[in-house]
Structure formats: C-alpha cells, structure tokens
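Let's take a walk through this structure, starting with the whole chain and ending at a single side chain. Have the viewer open and follow along.

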Amino acid sequence: MSRITVYMTGGIADYKAINVIRDLEKVGHEIRVVMTKNAEHFVTSNTVAALTKKLVLDDLWSKENEASIPHVHLARWTELALVLPATANFIAKMANGIADDAASTTILATNAPKLLVPAMNDQMWNNPATKRNMTFLKQCGVKIMEPAVGMLAEGYAAKGRMPEPQEIISWIEDHLNEHKILAGKTIVVTAGGTEEAIDPVRFIGNRSSGKMGIAFATEAAAMGAKVKLIYGNVTVPLPQDPKIELLHTTSSEEMLIAVKKEFKDSNILIMAAAVADWRMQQVADHKLKKQADQQTLTLTLVKTTDILHEVAHNKSKGQIVVGFAAETNDLLQNAEKKLASKGADIIVANDVSKNVFGNDEDQVTILQTHAPAEKWERMTKQKIARKLLQFIAQKYSVHA
Ligand code: CTP
C-alpha cells in the first residue's frame, strides 16, 4: 500500500474528491491532504481532517508550522502525488514552477510520481494555454486523466467533468501496479487438496488447508500479477480480489485439465496443491453397502497423472514452474529426487510431519538445479510466498 498525498484545488468536484479519499483509505493507502484556499470554498479542511484523522496542510505560515518545514517533510514522505481535482490554474502553476501557496510549494518540492485528475469548464480545458501546460507536464512524466464528457456545473454537457470516484480509483491502482515487480505477469497457483471419489458420497482426500497456495495467490496479486487460483478442497476463506480469478476443481484429473489450460499463456506456475497420487480404478455409481459378514474392504486404486511432472516437462522457454515436496522423512534426499525427476525450476521442500497442515507458519528449504539448497528460517506462509516471488522476479527474466 502506498503513501499518497492528495492535492485538492478549488472546484465543484472537490465534493467527489472526498469519496475518492475515503475509498483510497479503505483499500489501505495512507493519505495526507494539502488544500488550496480556493478548495476550502467548496469543502472545509475540518471535513478532510476528520476523514483522514490527520492535519490538512493549507498554510505554510500557520503557528503550528512555525518550527518545521512541513512542505519538505510531506514531499519526502510522499510515494504518489495526486492532484484531485486539478484546476487549470494549478496545472498552469505546476507547468511553470510557481510556488506561491502551500499546495504549489509542496508539489514543486516533490520527487514522487504525479497524477492529475483535471476538472474544469470545457473552454478552460480547450484553451491553448492549458493544452500547452499539459503537454509540457506530460513530457515531464506527469500522468493526466482525461476528464469525462457530461453535465458541467454551468448547466450544459461538455468535456471537463471529473470522472466518477470508482474510475479514478482504478486509474490510480493501474498506475501503482505498473511499478510493481510482477506487473504484466500472469501466475497460476494451485491450492488445497484434491478429492478422488470412491462412490457418490465418499472420497479420498488429504489434510491440506490451502493456506500456502492462497498466500502465494494474494502475494502475487499484491505484486501486480494477474492470478488464476485453481483450488480444490480448502479449509480457509478464499481471497476476494478482482486480480485473483477463482477456479474450482475437485479431482486431480480436473485440476490437470485446468492447470494445462491456464498455464499455456501464463508466466509462472506455483503447484502448491496436495494432489492425490491414486484414484479409484472404478468409481462406484451407487453408495457402497457393507455386508453383514464383511470385515475388510479392498479398493483398487490406479495412479493419477503427476500434474507438476507433465506441465514442467512441456513448458515453454521463459515459463517458470515451482513445485513442492511434502516429506515426513529424509527431507533433503527426497526433495532432491523430486527436483531431478519433476522438471520444476524450484522445489520448496517442507517437513509435513510437524504440525504444518492449517498452520500459519512453515519452515522450508529451497532447491534449484545448479545451486546449493537454501534452508529458510521458520516464518509465516505469507512471508515465504512474498520472499519466493521476489526471488523469482529478480532471478529469472519472466517474459510476458
Ligand atoms: N503433484 C502433482 N500431481 C500429482 C502429485 C503431486 O502435480 N499427482 C505435485 C504437488 O503439487 C507438489 C509436488 O508434485 O508440487 C510434490 O508433491 P508431493 O506430494 O510432495 O510428492 P509426490 O510427487 O506425490 O510423491 P510422494 O507422494 O511419493 O512423496
């Protein structure tokens, strides 16, 4: 999440800016606000301060700012400067380096990327001076959102209206995502356990909770990736994030089909699901009944396809495949064997004999071909996911 400084300049769209600020805070961004004196004709600084629970910077010369240099502190703190709404006057000041109030001075001192959401009368928008100022700002790397066409405060429809809060939020998020390490990448993650039917009411399952796979999915989305989460039986809530597509599968066969289909055009596969190695040779089409004299039951199982092996051995150049090795004994030897046989670029080995299922933490060892195994300290599954994805993004050039 980012530290965003919102610059409110004077226009009727200031009342909509309040909703944008509230929504940006809701998704976890930290917000500070700078207001021009003209903005305060439309919305009071008290309203904004109550909303953000932070003092609003609107005067460099006020008593409480006497001993500090508030514009420089704020400029350094800022990761993203958002001018919302941006008037023609403020755009002109920015383009010409004018610093004659708190807002223009602070933005001039800011190095962070700058986004402008203009809202003004259509004549002002089309004025050659405004156009020239915007062309210059764009050349300097400032991003400017196109105003919407719609009813202006003047009572007629034209270009100049501030877009709706939701559109502004997605535009800002798109910009923030551009700078994330997995932006533009698609990642397929599998999570949870498969279920192999015995009869219409029973199945062979396993103890996987889905936590590790879900941690990879949420971390990858936070790093800007588009995620396809193929999940089986999970015991924890699924993420609700527009960047994470949820695809439910039941059997290993269904998961195999889904992984092959989704990975074809993706960059990375994280095979965190616990896939059954065996399925019924023949699934009973009715509930199996026990007989009065029956003491044992024999089920004939046949091997399932090893999804990781199949996909890793057929991957394209540039695609990265990560597998797991769940072991209860001889961790390293078994994991080394899986690295050699499965064709994965990375194997994450973990000892599942010790309270791993459903736990928030795990201790893993990372194995790669032509590199020594790396034993990581015990940490949360979320942190393991973050660390491994950062490592993948840095080490491999993942082609979109
Ligand atoms: N895996 C898979 N398809 C299978 C079985 C396993 O894709 N039919 C994947 C798992 O998702 C994991 C890796 O293979 O990424 C290793 O799984 P694991 O259960 O540790 O090992 P197995 O290959 O099943 O071997 P074994 O049970 O003999 O340890």
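Keep in mind that you're looking at a predicted model. Of the chain's 400 residues, 49% count as buried. The exposed surface comes to about 20500 Å², with carbon and sulfur atoms supplying 52% of it.

Now zoom out to the overall layout. The chain splits into domain 1, covering 3-178, and domain 2, covering 186-395. Their C-alpha centres sit 46 Å apart. In terms of secondary structure, you'll find 13 helices and 21 strands. The radius of gyration is 28 Å, while the globule rule gives 21 Å for 400 residues, so the chain is more spread out than a compact globule.

What about contacts and charges? Counting contacts between residues at least 6 apart in sequence, 65% join residues at least 24 apart. As for charge, there are 47 positive and 45 negative side chains, and the centres of those two sets lie 2 Å apart.

Is leucine 84 buried or exposed? Its relative accessibility is 0%, so leucine 84 counts as buried. Setting aside neighbours within four places in sequence, leucine 84 is in contact with a set of residues that includes Val6, Tyr7, Met8, Val20, Val117, Met162 and Ile168. Asp14 and Thr9 are also among the contacts of leucine 84. Finally, look across to leucine 115: it is 31 residues from leucine 84 in sequence, and the two C-alpha atoms are 8.6 Å apart in space.

Definitions and conventions: Residues are numbered from 1 along each chain as its sequence is written. This is a predicted model: local features need pLDDT of at least 70, side-chain atom pairs count only at pLDDT 80 or more; totals for chains, interfaces and linings use all residues. Side-chain values use heavy atoms; hydrogens and water are left out. Domain bounds come from an automatic or database domain assignment. Helices (H or I, at least four residues) and strands (E, at least two) are DSSP runs, numbered from the N terminus. The radius of gyration is taken over C-alpha atoms; the globule rule is 2.2 Å times the number of residues to the power 0.38. Buried means under 20% relative accessible area, exposed over 50%, partly exposed in between (1.4 Å probe, protein chains only). Contact means heavy atoms within 4.5 Å. Accessible areas come from the Shrake-Rupley method with a 1.4 Å probe; for residues, only the protein chains shown count as cover. Lys and Arg count as positive and Asp and Glu as negative; His and the chain ends are not counted. The place of a charge is taken as NZ of Lys, CZ of Arg, CG of Asp or CD of Glu.
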